[in-house]
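Hello,

Here is the structure I said I would pass on. My notes on it follow below.

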Amino acid sequence: MAEFIHHSTHPAIHPYYESHRGAMEAAMHRRLELAEPMLRERAHLSDIAVIRQEVMDEFDIVLRQMPYVGGAASRMSDFLMRLLGFMAISRVLRRHGVAVPVIGDIERDTYQAQLLSTPEADRLASGNQFMSAANQALLREQAAQSATEEHQQAFPQDFVYDFVEPGPGDKFEFGINYKACGFCKFAASHGDKEVLPNICGLDFVAYAARGIHLERTQTLAGGASHCDFRFSKLPAD
């Protein structure tokens, strides 16, 4: 009976995520490896093997909860696959009584260490690709599509956003205003609102690792009408 309840509560993993499951689980194992000293020193946890197992069990639940937003056709699928694993870490650490800001610091530093383990040339090449005219054209196209009624009906859990062109006197190269956020929707559906700001905090290290300066003054998670992402290239060292 318990077996039946478990599967009815947590549906099957979407085939798109199932096809990427191995890579996502490997990334989670790597994060837990990098987080281990921080879990001991900052969260004062000692039985790390138990924590690791709990996180991987929770990640299996997160994978089943992960909304399908279009797979390879949507740039936001990649964001969900890269970052929703941190929800599993947050849930487990909260259960062990770790304060939300401490969880946020551990997750940010862990993610930064994971990103910086990639060769700098590869990271900067990825950043250049993100800032390129070709990618900006794709962002404009996907932003316009995200706002259509048809897209929102097909993928109600997806992000909705506008591409922002710089005006006279603006220092950024382009921006994105997120008017609806997949992470916010996920958190609201699954009781993760308390730890949601920790996911928002990962954006700064994610872009900096690729040589991109992100400026953001407000977030949907913080109660604003939209998240105002503004991108420019970091000056070379």
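What covers the buried residues of α11? The cover includes α4 (48-65), α5 (75-83), α6 (85-95), β2 (174-180) and α12 (196-208). Please keep in mind that this is a predicted model.

Helix α11 itself spans residues 182-190, and its buried residues are Gly182, Phe183, Cys184, Phe186 and Ala187. Just after α11 comes Gly191, with a positive phi of about 75 degrees.

Phe183 also turns up in the largest nonpolar core. That core has 67 residues, and Phe183 is listed with Tyr17, Met87 and Phe231 as having the most contacts inside it. Helix α4 gives the most to this core, with seven residues. Setting aside neighbours within four places in sequence, Phe183 is in contact with Phe79, Leu80, Leu83, Leu84, Met87, Phe159, Leu196 and Ile199.

The other item is a helix pair. Helix α7 (residues 100-116) packs with α12 at an angle of about 30 degrees, and their axes are 9 Å apart. Angles under 35 degrees count as roughly parallel, so α7 is roughly parallel to α12. The crossing of the two, α7 and α12, is right-handed.

On the α7 side, the residues that meet α12 are Val100, Ile103, Gly104, Glu107, Arg108, Tyr111, Gln112 and Leu115. On the α12 side they are Asn198, Gly201, Leu202, Val205 and Ala206. By class, this contact of α7 with α12 has seven nonpolar, four polar and two charged residues.

Regards

Technical notes. Residues numbered from 1 in each chain as written. Predicted model: local features only at pLDDT ≥ 70, side-chain atom pairs only at ≥ 80, totals over all residues. Heavy atoms only, no water. Buried < 20%, exposed > 50% of the residue type's maximum accessible area, 1.4 Å probe, protein only. Helix = DSSP H or I, 4+ residues; strand = E, 2+ residues; numbered from the N terminus. Contact = heavy atoms within 4.5 Å. Axes fitted to C-alpha atoms, helices over the stretch in contact; angles between N-to-C directions. Parallel < 35°, antiparallel > 145°, perpendicular 65-115°, else oblique. Left-handed = near helix turned anticlockwise from the far one by under 90°. Nonpolar A, V, L, I, M, F, W, Y, C, P; charged D, E, K, R; others polar. Core = buried A, V, L, I, M, F, W, Y, C linked by side-chain atoms within 4.5 Å.
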